[in-house]
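The sequence and the structure come before the discussion.

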Number of protein chains: 2
Amino acid sequence: MTYRAPVKDMLFCMQELAGLEQVAKIPGFEDAGIETAQAVLEESAKLNEEVVAPLNVEGDRQPSYWKDGKVFTTAGFKEAFKQFGEGGWQGLQHPTDFGGQGLPKTIAAACIEMLNSANLSFALCPLLTDGAIEALLTAGSDEQKATYLPKMISGEWTGTMNLTEPQAGSDLALVRTRAEPQPDGTYKIFGTKIFITYGEHDMADNIVHLVLARVAGAPEGVKGISLFVVPKFLVNADGSLGARNDAHCVSIEHKLGIKASPTAVLQFGDHGGAIGTLVGQENRGLEYMFIMMNAARYAVGIQGIGVAERAYQKAVEYARERIQSRPVDGSQPGSAAIIHHPDVKRMLMTMRAYTEGCRALAIVSGAAYDAAHNHPDAEVRKQNQAFYEFMVPLVKGYSTEMSLEVTSLGVQVHGGMGFIEETGAAQYYRDAKILTIYEGTTAIQANDLVGRKTARDGGTTAKAIAKQIEVTEAALAKRESADARAMAKRLKAAREAFVQVVDFIAANTKSNPNAAFAGSVPYLMLAGNVMAGWQMARALLVAEEQLADGKGDNAFLKAKVTTARFYADHLLSKAPATRDAIVEGADSVTALALDAF
Amino acid sequence: MTYRAPVKDMLFCMQELAGLEQVAKIPGFEDAGIETAQAVLEESAKLNEEVVAPLNVEGDRQPSYWKDGKVFTTAGFKEAFKQFGEGGWQGLQHPTDFGGQGLPKTIAAACIEMLNSANLSFALCPLLTDGAIEALLTAGSDEQKATYLPKMISGEWTGTMNLTEPQAGSDLALVRTRAEPQPDGTYKIFGTKIFITYGEHDMADNIVHLVLARVAGAPEGVKGISLFVVPKFLVNADGSLGARNDAHCVSIEHKLGIKASPTAVLQFGDHGGAIGTLVGQENRGLEYMFIMMNAARYAVGIQGIGVAERAYQKAVEYARERIQSRPVDGSQPGSAAIIHHPDVKRMLMTMRAYTEGCRALAIVSGAAYDAAHNHPDAEVRKQNQAFYEFMVPLVKGYSTEMSLEVTSLGVQVHGGMGFIEETGAAQYYRDAKILTIYEGTTAIQANDLVGRKTARDGGTTAKAIAKQIEVTEAALAKRESADARAMAKRLKAAREAFVQVVDFIAANTKSNPNAAFAGSVPYLMLAGNVMAGWQMARALLVAEEQLADGKGDNAFLKAKVTTARFYADHLLSKAPATRDAIVEGADSVTALALDAF
């Protein structure tokens with residue numbers, strides 16, 4: 001077994017931190033209690049451990065390849081995707097109306113983490129399909145929904161997001177792809193899209209491209225972008241597949257990692273025009289695309305957690321097996337397994353603490369999403385929406401940045417063997433590097449955090465969350481243990497640093513934008529650190545209480561306390577320095593003359 | 001041009017920080033003044049920019065390969081290495097007695113950085129040869145010196161270090177390779193060595209393997225290891241090449257990076273025994289090997305600086321060209337080159353500050369090496385030796401760890417293009433990852449720092465260096481500029497944190513080794529940060545004084561002040577948090593039960 005799903009920790013996060021019991025009281029989620037969660041997670045673990053994970057190395061060694069406009073995926077991927085679809089996993093969090101399971105994100109997040117731990121490249125196909133489903137659910141016409149959603153939710157068809165063009169990456173104002181209205185109400189699409197994940201492949205009968213393009217006469221910039229559905233094969237009125245559409249894959253990229261996942265260059269309209277239908281209204285494409293992107297950003301954050309967990313497991317396994325050097329405390333006369341060495345423990349604890357902290361944050365944010373979308377009380381929906389929206393750039397940005405550090409440590413634990421591709425640790429290091437880039441780089445997430453999520457409301461949401469953290473601090477203060485006291489001290493310092501930075505950002509974003517944005521990514525890292533650390537603090541409280549009451553799994557709870565303590569001592573403790581760099585170091589970021597670089 | 005050697009900064013480091021004028025007063029280095037330095041650096045820049053750097057990408061795409069026991073290097077490598085040897089570059093820092101140039105390390109370090117910036121894989125062959133030369137110079141017999149050194153120094157033959165075996169990586173006590181004494185005074189060597197850099201290749205007529213092995217009856221562990229010279233081809237009395245020795249390359253590794261550099265598995269003695277001669281005395285092999293390793297560790301630190309500089313230059317070039325998004329300060333109505341965006345500047349400044357700080361530290365340490373080995377005054381030699389030895393694990397550990405962050409940022413600046421191998425940024429990210437592993441992982445460097453360099457003298461050397469830092473703080477305090485004041489504040493806090501950790505390490509290494517070694521790598525990172533930051537502080541002082549006096553290159557000096565200020569605000573400012581993690585967080589590193597991982 002190369003991967004074991006951390007079901008116990010996932011259930012703990014759902015039940016003790018995300019309030020699954022409350023989620024299960026929301027209309028529509030009545031069946032989503034802990035028993036359901038456990039059953040779903042165990043099934044998901046089975047599929048991912050046994051079917052998807054074993055394909056991961058093979059996908060790296062025999063990546064997908066392009067030939068004559070077709071893309072052939074790694075042997076085994078097609079069959080595994082069929083099993084994935086038939087098992088209902090693509091529809092996990094989608095409405096039952098279209099064949100989905102209708103489960104809350106609180107539960108789905110854990111299953112998605114497993115899929116990504118098992119195989120980051122494979123997981124990207126469902127990830128993009130999820131985004132396309134969300135966009136069609138929100139903005140698609142009844143006909144579009146009926147035509148596409150059941151097949152996408154069943155895994156028979158897949159979806160893509162077509163944003164990027166050679167000159168338009170983060171900056172969608174530069175999109176040039178054209179859409180020409182036709183007399184029958186359809187549009188003809190012309191243009192080149194790059195970096196299209198699973199833009200072409202052999203795992204599904206049809207591929208539903210969602211494409212950003214400009215209709216002639218539309219306003220300049222992002223206000224003139226519309227969204228279109230452009231299927232690879234046109235769909236007949238009876239739902240059967242019709243003619244091949246004029247959307248062709250002309251090449252795929254040779255990449256650092258996630259090699260099994262084809263990254264396509266798509267040409268639309270080179271042979272007369274690709275036929276598309278408008279989603280929603282003209283010139284509102286960006287808004288709809290953000291629906292997909294927000295779903296995808298959260299999911300990419302989960303990817304970071306997934307690959308971090310896998311790298312951690314691999315490193316632990318190696319550290320238990322590799323015999324090298326005597327223990328520094330003389331506890332053993334001869335050479336010992338390297339897991340006995342303090343620095344190896346430090347690396348493994350760092351990997352573990354980051355992963356658990358980010359997992360807790362993601363699942364708690366997933367519960368906020370569920371309440372924001374489904375709770376009967378409008379005020380509850382609003383509060384949860386604000387909470388979720390604040391967390392999305394953190395789940396995306398912080399969980400993926402930490403995955404770079406974690407996968408790098410994973411290689412490091414392996415020593416020289418880590419640098420040999422055969423060992424497999426290096427793959428996670430290569431694969432993870434895309435996570436801080438796609439669906440918006442960390443800087444783009446940080447712009448979102450600074451602009452929309454902090455400055456726009458003057459820091460109100462951020463400070464409301466800080467007040468919740470103070471409640472946790474108060475609970476910690478009531479406990480007597482050294483672990484709780486250490487956590488309380490670090491959490492307080494980190495929360496105060498966070499609030500000071502929120503004030504700095506709120507004060508400067510308009511008046512001195514260079515200063516505010518010079519600290520944008522450090523602010524994101526600080527905020528992510530505080531929020532993940534806060535969840536670890538909450539976990540510590542629950543674990544200590546359960547241990548005192550003699551409830552739960554003793555070994556698991558003790559490990560949770562220790563991991564939380566490590567998080568406090570080694571990760572949360574960095575927060576004040578980040579505040580200093582942001583608040584006192586803004587000028588030196590932008591002071592160098594441009595020609596002096 | 002894909003690389004431009006930073007000659008100006010290198011000369012600044014030599015002249016203003018490392019005291020090249022003083023070095024040139026040491027007997028034997030009289031010709032090594034600033035004019036010589038400049039002339040040598042300019043020649044070195046030419047070769048590396050024009051000949052070596054252009055082979056870097058090709059080496060990654062068409063790596064060396066193994067066929068029937070032979071290794072074929074990338075097209076162009078052999079010719080470039082011939083030019084390198086003929087230009088006298090292999091002999092740069094080696095004695096004129098054997099055909100070397102006899103230049104101080106103060107100057108050689110800069111040339112070696114250039115070579116590594118140009119091509120990390122290529123540079124490894126001279127790097128290992130340098131180590132083998134050092135070992136033979138120190139411990140070889142006159143006959144061994146006469147036989148091997150002139151050819152190695154001329155670049156006709158190359159050298160290797162054969163330490164690692166499958167079961168013996170960091171832990172040389174586990175070495176099993178055997179050496180059997182023969183009646184003629186030679187030894188027959190039997191065993192398997194792995195991870196042998198340039199263990200086989202086609203760039204030189206002969207390869208001089210230095211091999212660790214055990215003579216029958218030798219003591220257990222590291223005290224029973226001897227060092228042998230085992231040439232690929234035996235050498236006749238007249239210096240001509242004789243029979244092929246029984247040392248054969250059975251395979252090379254498929255690696256994450258430095259792919260052009262062949263990493264060999266060598267079999268010694270499968271066909272009757274490889275003939276070797278003993279270097280120095282039996283059972284003192286480890287001691288001699290440490291000579292090679294210390295030279296090599298310093299050089300690997302330089303590799304970190306080299307690859308960081310190259311990654312920085314590439315990122316700057318891309319950031320100037322890539323047009324994307326409006327400036328946040330509204331200074332331009334349309335999309336701008338991304339170098340205008342504050343977060344891109346933050347990334348570039350981080351890359352730049354790390355690289356300049358580590359370069360300064362390496363060159364200053366090089367000057368200490370020169371004085372330690374050649375100064376006429378024994379007391380001066382002793383002080384410099386202590387300084388140099390303290391710095392070696394920092395130059396190695398900190399410069400290579402920072403190179404991981406810098407090359408990762410290099411990819412990040414490129415956005416999606418960074419993940420495409422064609423762009424070239426990803427190669428630096430892959431290549432750099434070995435640097436924190438070979439010649440002793442960062443943890444091994446940290447053990448050296450904790451054990452031999454700190455605990456052994458109770459922190460005396462460390463604190464003597466801290467006193468020197470206080471002198472710099474006092475000089476900063478006399479200046480009025482905001483930059484000097486900010487630097488003074490951060491340097492003081494960082495130096496105090498350093499001293500507190502030194503006390504913690506000195507107090508705990510014996511009595512509570514788990515606590516001391518739990519903080520070993522964080523201590524190394526803190527110490528490296530403080531020492532590199534100290535050099536940036538010294539650079540700031542010199543630059544401000546020269547600016548006030550109207551001397552020197554105005555733009556260069558202003559950039560130096562800004563970069564030093566950035567170092568203070570964003571990197572040095574992390575030091576107190578590292579102290580907290582070490583001093584207050586030791587227990588949580590080792591608290592988790594082994595079976596809970």
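## Conventions

Residue classes are assigned as follows: Ala, Val, Leu, Ile, Met, Phe, Trp, Tyr, Cys and Pro count as nonpolar, Asp, Glu, Lys and Arg as charged, and the others, Gly among them, as polar.

The model is predicted, with pLDDT of at least 70 needed for local features and 80 or more for side-chain atom pairs, while totals for chains, interfaces and linings use all residues. Residues are numbered from 1 along each chain as its sequence is written, chains are lettered from A and ligands numbered from 1 in the order in which they are written, and side-chain values use heavy atoms, without hydrogens and water.

## The second largest cavity

By class, the lining has 17 nonpolar, six polar and three charged residues. Helices are DSSP runs (H or I, at least four residues) numbered from the N terminus. Two or more lining residues come from each of H3 (34-52), H6 (105-118), H7 (120-139) and H9 (285-321) of chain A; H6(A) gives the most, with seven residues.

## Domains

An automatic or database assignment supplies the domain bounds. Chain A is divided into domain 1 (7-63 + 73-153), domain 2 (158-283) and domain 3 (443-589). The centres of domain 2 and domain 3 of chain A, taken over C-alpha atoms, are 40 Å apart.

## Helix packing

Axes are lines fitted to C-alpha atoms over the stretch in contact, and angles run from 0 to 180 degrees between N-to-C directions. H9(A) packs against H11 (residues 378-413) of chain A at about 25 degrees, with axes 8 Å apart. The two helices H9(A) and H11(A) are therefore roughly parallel (angles under 35 degrees). Their contact contains 15 nonpolar, eight polar and two charged residues.

Definitions and conventions: Parallel < 35°, antiparallel > 145°, perpendicular 65-115°, else oblique.
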